[in-house]
Amino acid sequence: MWGRAARQAQLSTRLISRSQALSPTSAAVACWTHGPRPFRLISTVAPRRGAFKPSSGPDAPQAEESAHEGLPRWPAGWHDHLQYHFFFEGLFVQARVFLTPSLEEHSLWIYDHSVGKVQELLNSSERLRQTDAQHLELTGSRFHVQDGPGGGVVKLLGQGGQAELEVQFKNKHVYSWLPAGQGSDAVIHRPDLELTLSYQGKTLNGRGYSKRYYGVYGPHWGYRFIQSSWLGGQKFLWTADATFRLGDGEAKYNYFKLLDGETGDLVQAESKDTYQQDCAGYAEIDGKKYVVSITPLDEWMHDYKAGDTNSRMQLRYCKISLASNDGSEQLEGYALNERCFGVL
C-alpha cells in the first residue's frame, strides 16, 4: 500500500485543501507546466472510504469531516498513541497516552515562559478506562480526555475530581492517511485546533495540534518529529522523519506539511524530498527549498520500559524559524520537537 502511494507521487506536489468548500466526495487533479518542469495541483478531499479509512500514504492525505467524526474508542490497535500540543501566549501544555502490549502510561506537562522550564504535572502508569461512549473518552484518578465529534476536552484532576487544568478544543482541519507499514490503520492529524484553557484562575485562548495513530508498529522503531501551531499567526507545521520497522521490509516514513489556516491551502513535500537532522528539518517543493530550525528551551525525557517495551522519548519545547530560499516564507514561533527510539 505504501509503495503504491509513493509511486503515485511522481513529482513534488502542492496540495490545496478547501475542505469546507468542496464536496466530501469530490476529487480533482490538474497537471501543467510551471517553469522548466511540471507539477500537480490536487484537491485534498479524495474519494472517501469512511471516517479514518484512508487508502493512501502521506503524499495523498484524506480530509475528514471535522464537525462530525469523533476519535475511535481506546484502544484501537496493538500499539496506540494519542497526543496533544496546546500553544498559548506565554504557556505550552503537552498531554499524551501511550500504549503497547507491555504498558500504558499517560503524562501532562507545561512550559511556562515566566518560569523558563518544563514542569511535569502528571506522569502515571495507571490504566485509564474507556467509557461507554462511542468515541474516545478515557478517565482515571487524575486525568480525563473526551474527544468526540467536533472536539473535546483534556483535564488534569485534583483532589475530589475537580479540574486543576482544563483545555477545551474544537476541530478545524482534520486529515488522515496510512503510515508506512500500515495497510488499513490510519494516523489522524489535527494541526489547527482552537483552544480555551482554564488554569490557576486564568483563561487563555490558543491553537493546538493532536495526533492519534494505532496498529502494529516496530518492534524496532525510531522517529523525529517537529510540530508548531504557533507559527506566524495562521500557519501550522508538522513534519517527520521515521523508520517504523527494521527487518521484514523497512517501513520508511517522511513528510512535510504546512497549512494556511485562513485559506485552507496545504503545502506538502513529496516524501522522498524531506528529512531531518538534530535541530533542523528540510524540504523541497517545486524547486523551492524550506529549512526549519529549532532552538531547544527545555526538555521532558521519559523511558517507556516494561516487558518487551524499551523506548526513550525526548520532548523538547523550542523556538522555531521557518525560511524558504526565495524569501516567500519567513516565520518564527514555538514548537515541540519529539524524538523516540527503541523497541515497542
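Predicted model: local features only at pLDDT ≥ 70, side-chain atom pairs only at ≥ 80, totals over all residues.
Reader: What makes the side chains of Asp80 and Arg212 a polar contact?

Author: The side chain of Asp80 meets that of Arg212 at 2.7 Å. A polar contact is a pair of N or O atoms within 3.5 Å; within protein, one must be able to donate a hydrogen and the other to accept it, and residues adjacent in sequence count only if both atoms are side-chain atoms. The value of 2.7 Å lies within the limit of 3.5 Å, and therefore the pair is listed as a polar contact. Residues are numbered from 1 along each chain as its sequence is written, and side-chain values use heavy atoms, with hydrogens and water left out.

Reader: Why is Asp80 called buried rather than exposed?

Author: Buried means under 20% relative accessible area, exposed over 50%, and partly exposed in between (1.4 Å probe, protein chains only). Asp80 has 0% relative accessibility, which is under 20%, so Asp80 is buried. Leaving aside neighbours within four places in sequence, the residues in contact with Asp80 (heavy atoms within 4.5 Å) include Trp74, Pro75, Phe98 and Tyr213.

Reader: How do you know that strand E5 is mostly covered?

Author: Asp80 belongs to E5, which spans residues 79-88 and has ten of its ten residues buried. Strands (E, at least two residues) and helices (H or I, at least four) are DSSP runs, numbered from the N terminus. His79, His81, Gln83, His85 and Phe87 point one way from E5, while Asp80, Leu82, Tyr84, Phe86 and Phe88 point the other way. Residues on both sides are buried.

Reader: What makes E5 and strand E6 a pair?

Author: Two strands pair if DSSP finds at least two bridges between them. E5 and E6 (residues 91-100) have nine bridges in the antiparallel sense, and Gln83 has Arg96 as its bridge partner in E6. The hairpin of these strands has two residues between them, and Gly90 takes a positive phi near 80° there.

Reader: Why is strand E11 described as largely enclosed?

Author: Five of the six residues of E11 (residues 143-148) are buried, so the rest of the structure largely encloses this strand. E11 runs antiparallel to strand E10 (residues 136-139), with four bridges, and the two form a hairpin with three residues between them. Six bridges join E11 to strand E12 (residues 151-157), again antiparallel, and Phe143 stands opposite Leu156. In the hairpin of E11 and E12, Gly150 has a positive phi near 90°.

Reader: How do you know that Thr274 is buried?

Author: The relative accessible area of Thr274 is 3%, which is under 20%, so Thr274 is buried. Thr274 is found in strand E21 (residues 274-277), and its side chain reaches the backbone oxygen of Tyr282 at 2.8 Å. Its contacts beyond four places in sequence include Thr239, Asn254 and Phe256. The C-alpha atoms of Thr274 and Tyr253 are separated by 10.0 Å, with the two residues 21 apart along the chain.

Reader: What makes up the largest nonpolar core?

Author: A nonpolar core is a set of buried Ala, Val, Leu, Ile, Met, Phe, Trp, Tyr and Cys residues joined through side-chain atoms within 4.5 Å. The largest such set has 35 residues, and Trp109, Trp221 and Met313 are among those with the most contacts inside it. Strand E18 (residues 235-243) supplies the largest share, four residues. A second, separate core has 33 residues, including Leu108 and Val167. Trp109 itself touches Phe92, Leu121, Trp300 and Leu336, among others, not counting residues up to four places away in sequence.
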